[in-house]
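Please look at the sequence and the model below, and keep both at hand while you read.

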Amino acid sequence: MECLRSLPRLLPRALGLPRRGPCALAWGSTPGCAAGLLGGSRAAPPCGPRGPRLAGEMHRLRTDVSQATLASVAPVFTVTKFDKGGNVTSFERKKTDLYQELGLQARDLRFQHLMSITTRNNRIILRMEYLKAVITPECLLILDYRNLNLERWLFRELPSQLAGEGQLVTYPLPFEFRAIEALLQYRISILQGKLNMLEPRILDTLEALVDPKHSSVDRSKLHILLQNGRSLSELETDIKMFRESILEILDEEELLEELCLSKWSDPEVFEQSSAGIDHAEEMELLLENYHRLAEDLSHAARELRALIDDSQSIIFINLDSHRNVMMRLSLQLTMGTFSLSLFGLIGVAFGMNLESSLEEMASLPRKTLHADRRLDVKQSFRTDGLGPSRSVLTPR
């Protein structure tokens, strides 16, 4: 902002013009300046020979200021370059400088999607989760590889594959075929490694949970199964995104043609493609091969998911059976308690009026015998008092 404000004062000195006020400079008292500064439609007097020069200098200074401002905040990429011979060079480059050198736009290097394969200006922009790459007809650029555990693959395996010493089937084809195959092969190997790591752990956990020797379910095993199930879900999502990105290219013939970079930049390759070797067809076969491998991984992941679901059903059935046993035991205990309580109530209600042979036993205390004699006297008195011809009360 300070640079822009000082333009009206510095430009006349730089161009050797007489000093004028800001208003005169802004409104075109210097010939040909109104359109250059404000870009409006206000009428201006005829421009002199120095008007276009002044307007060009102002535009250049504004462009330099804006570029300096953008360059100060632009991110810096760590770039690893692989050429056709497998030679590796690493350097750092600002984003603005990088996309200008590649002939791309700033939005092309945002890498918004986790899995994408696109083409821009005879360049292939590829992202596979954390792997970011730009493929040109002459070289392969890997961006920001640090802290991603990629050093072993980048500096040991990838150079030999690009140079034709690996097991790539596209070595006789142009360079972009080898680069795409190497990146797709690496991604498939990562997904296969995750599946090979999850499969034995899931199978061992399921075998321990559904073992009939164990009457109860181990909660620690269930927790491990839950974690493995989440990892399997993430793996299924990654495989699905990989398959969909490849299938999207296979459905568009124009995209297949655009992936053949050397066909449009090298006349010899174009003549070969026109004569007999169809590079678009070769690219389609390459992508179909890795789409089939992704389908196999997806099928294996679905089988593991089906085993987990079946084992969960068996676990739920066992838990239901244990729950039924506990409910039956609880019901039996409730019925027994109720029966005992019922017999106790009957004994309490009628226990005082029941006769027994305890009264005739001589071993009882004497006080008990006297109480029994009084009870007999009272009963005989009641029998005499309730006779048909006598009253209960005797005359005085």
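Six bridges in all join β3 to β4, which covers residues 123-128, and the pairing is antiparallel; two strands are said to pair if DSSP finds at least two bridges between them. Strands (E, at least two residues) and helices (H or I, at least four) are DSSP runs, numbered from the N terminus. This is a predicted model, in which local features need pLDDT of at least 70 and side-chain atom pairs count only at pLDDT 80 or more, while totals for chains, interfaces and linings use all residues. Residues are numbered from 1 along each chain as its sequence is written, and side-chain values use heavy atoms, with hydrogens and water left out.

The hairpin of β3 and β4 has two residues between the strands, and N121 takes a positive phi near 55 degrees there. N122, found in the loop between β3 and β4, also has a positive phi, of about 60 degrees, although N122 is not a glycine. Most residues other than glycine have a negative phi. E129, in the loop between β4 and β5, is another non-glycine residue with a positive phi, near 60 degrees.

Contact here means heavy atoms within 4.5 Å, and the axes are lines fitted to C-alpha atoms, for helices over the stretch in contact, with angles from 0 to 180 degrees between N-to-C directions.

Which residues have the most contacts inside the largest nonpolar core? They are L140, I142, L183, M283 and L287, in a core of 56 residues, and its largest share, 15 residues, comes from α8. A nonpolar core is a set of buried Ala, Val, Leu, Ile, Met, Phe, Trp, Tyr and Cys residues joined through side-chain atoms within 4.5 Å. Leaving aside residues up to four places away in sequence, L287 touches L184, I246, I249, L250, L256 and L259. A second, separate core has 13 residues, including L102, L104, L109 and I125.

The structure holds one aromatic pair. W153 and Y186 form this pair, which is stacked, with 4.1 Å centre to centre and 25 degrees between the planes; rings of Phe, Tyr and Trp (its six-membered ring) pair if their centres lie within 6.5 Å, and planes under 30 degrees apart count as stacked, over 60 as edge-to-face and the rest as tilted. Since W153 lies in helix α7 (residues 151-162) and Y186 in helix α8, the pair ties together parts that are 33 residues apart in sequence. Both W153 and Y186 are buried.

Terms used: Buried < 20%, exposed > 50% of the residue type's maximum accessible area, 1.4 Å probe, protein only.
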